[in-house]
Amino acid sequence: MKKLLIANRGEIAVRIARTAREMGIETLLVASEPDAESLAALSADNVVVVGPAPAPASYLNQDAIIAAALDNGCDAVHPGYGFLSENAVFARKVADAGLIWVGPNADAIEMMGNKSMARESARKAGVPVLRGSDGPLEPAADAVDVARGIGYPLVVKASAGGGGRGIRFVQSEDELLATIEMARGEAASVFGDPTVYLERFVQHARHVEVQVLGDGKSFIHLGDRDCSMQRRSQKVMEEAPAPDLPDGVRQTIRESSVELARECGYSGAGTVEFLYDPVNQEAAFIEMNTRIQVEHPITEQITGIDLIREQLLIAFTGAMSFSQDDVKFSGHAIECRINAEDPDNNFFPSPGLITAMQWPSGVGIRVDTGVEAGSTVSPYYDSMLAKLIVHADTRESAIEAMLAALDETRIEGVKTTIPVHKRLLGRPEFAAVSHHSKFIETVADLMGAK
Amino acid sequence: MATIVSPLPGIFYRKPGPGKPPFANEGDTIEVGQTLGIIEIMKQFTEIQSDVAGTLESFEVNEGDMVNPGDAIVVVREG
């Protein structure tokens with residue numbers, strides 16, 4: 001029997017343990033001290049405490065995690081999302097220790113982690129990209145000239161950034177040079193690499209993305225998702241398939257994402273993210289995430305395919321279990337991220353003891369949770385508690401089903417973002433798909449600012 | 001003496017990031033509104049600022065310590 005180390009916590013650790021159990025794979029969870037008796041720890045077959053609460057001493061402690069894997073006879077490491085999931089150094093260490101890394105190889109992680117290199121690979125694979133500096137803005141280049149070719153407004157992005165970090169906005173030419181200088185300084189200190197590049201800025205863009213899978217030989221997509229409901233570049237609510245997308249655009253992003261995976265000889269699950277400009281009906285590459293995404297369940301609900309199972313099959317056997325023709329899409333799915341934050345007080349974090357918890361049930365309802373009644377929400381980690389997912393025949397019925405499911409959900413002891421999800425789902429802009437990735441910040445009663 | 005207390009629960013840091021110099025040290029002259037440290041809670045960061053002017057007398061918590069609302073963070077000798 002194979003043994004899998006899970007290098008994560010919360011709902012994704014529970015999620016990975018569930019599929020591993022179904023596949024007859026034994027699991028070992030590495031946990032921090034306060035997580036030793038968490039729901040994830042109860043879900044895994046074995047638990048090793050690798051360090052104290054702060055993530056650098058536990059969930060980011062590469063040597064302790066690899067030692068735990070070797071000492072306990074593990075064959076493979078699943079990193080989940082966040083933490084070490086896109087750390088090429090760690091992926092390489094895992095492989096060098098003779099363990100299987102559940103994900104693409106370190107070279108692919110490294111390439112996609114460098115945002116200007118990723119953009120260049122995307123362009124070569126035929127993925128549409130925004131007008132920009134085509135690679136890093138060389139320190140010697142005439143930035144004013146390059147920027148005129150792109151047009152204003154534009155953004156200066158750190159090559160080593162990503163996930164909404166390391167981005168600066170430039171409205172007009174007089175701000176350009178000072179902003180580039182500031183962005184280089186910031187990138188050097190925050191990411192350890194001063195390289196920046198320029199990219200056209202799209203007003204009121206939606207965020208759409210394509211789920212891809214590869215096993216190094218064949219490469220397929222599992223359709224698209226829309227994650228435009230964001231707050232400070234962090235996704236709040238997602239849906240699949242992406243609504244109100246012209247057929248040509250949908251086809252382009254799906255097929256070119258597969259080509260990008262092929263170009264890299266990709267192995268594992270990945271997501272190619274796009275900005276979609278609804279005015280000009282154009283999509284453009286943002287970045288590729290070389291790991292499982294938080295919002296993967298909505299793709300699972302509309303395809304009936306277990307993505308964690310495919311990740312493990314690819315890692316252990318070198319082949320996924322189906323081809324593009326086997327992928328069939330059915331209905332519409334929505335996911336709400338339930339965070340321990342107070343939406344009526346500017347989303348202020350709300351750690352503490354969960355005194356009561358009741359989840360909805362019924363046809364088409366799925367709950368991926370990392371906590372239960374009696375769990376303590378730690379101030380040390382991300383505020384996401386659980387994901388509520390509904391699947392229905394149409395987008396309209398999925399919205400109704402989600403509203404009913406949220407009404408049925410009860411979490412006491414900590415404040416949660418459930419009220420803001422209800423407000424978002426009731427907005428006419430969401431029904432009409434006229435929302436965009438800055439929508440939440442522009443509507444005062446959604447922000448709940450006092 | 002004025003005591004600057006934490007308005008929120010979280011983890012206290014004297015530095016803006018690993019390898020960076022501290023925001024302030026004992027003996028420093030402090031102005032109103034000056035940042036003395038940050039509190040991290042669930043990946044959100046809140047600056048702790050002085051509401052008085054004076055000399056930084058002492059830190060009441062260590063780097064990386066957990067604090068609760070109302071806990072003393074820094075003592076400032078006013079004037």
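A crossing of two helices is left-handed if the near helix is turned anticlockwise from the far one by less than a right angle, and right-handed if clockwise. The legends below describe a predicted model, in which local features need pLDDT of at least 70, side-chain atom pairs count only at pLDDT 80 or more, and totals for chains, interfaces and linings use all residues. Residues are numbered from 1 along each chain as its sequence is written, while chains are lettered from A and ligands numbered from 1 in the order in which they are written.

**Figure 1. Helices α1 and α11 of chain A pack against each other.** α1(A) passes α11(A) in a right-handed crossing. Helix α1 covers residues 10–22 and helix α11 covers residues 307–317; helices are DSSP runs of H or I with at least four residues, strands are runs of E with at least two, and both are numbered from the N terminus. Their axes lie 9 Å apart at an angle of about 65°. Axes are lines fitted to C-alpha atoms, for helices over the stretch in contact, and angles run from 0 to 180 degrees between N-to-C directions. The two helices are therefore roughly perpendicular (under 35 degrees is roughly parallel, over 145 roughly antiparallel, 65 to 115 roughly perpendicular, the rest oblique). A:R15, A:I16, A:T19 and A:A20 of α1(A) meet A:I308, A:R309 and A:L312 of α11(A); residues are in contact if their C-beta atoms, placed from the backbone, lie within 7 Å. By class, this contact has four nonpolar, one polar and two charged residues (Ala, Val, Leu, Ile, Met, Phe, Trp, Tyr, Cys and Pro are nonpolar, Asp, Glu, Lys and Arg charged, the others, Gly among them, polar).

**Figure 2. A:Y266 sits in a loop of chain A.** The loop joins α9 (247–263) to β12 (267–277). A:Y266 is buried, with 24 other C-beta atoms within 10 Å (20 or more count as buried, 12 or fewer as exposed, in between as partly exposed; C-beta atoms are placed from the backbone). Leaving out residues up to four places away in sequence, A:Y266 touches A:P104, A:A108, A:V212, A:G214, A:F219 and A:A261. A:S218 is 48 residues from A:Y266 in sequence, with 8.9 Å between their C-alpha atoms.

**Figure 3. Chain B touches chain A.** Eight residues from each of chain A and chain B take part. On the chain B side, four are nonpolar, three polar and one charged. Chain B has zero helices and eight strands, and 25% of its 79 residues count as buried.

Notes: Two residues are in contact if their C-beta atoms, placed from the backbone, lie within 7 Å.
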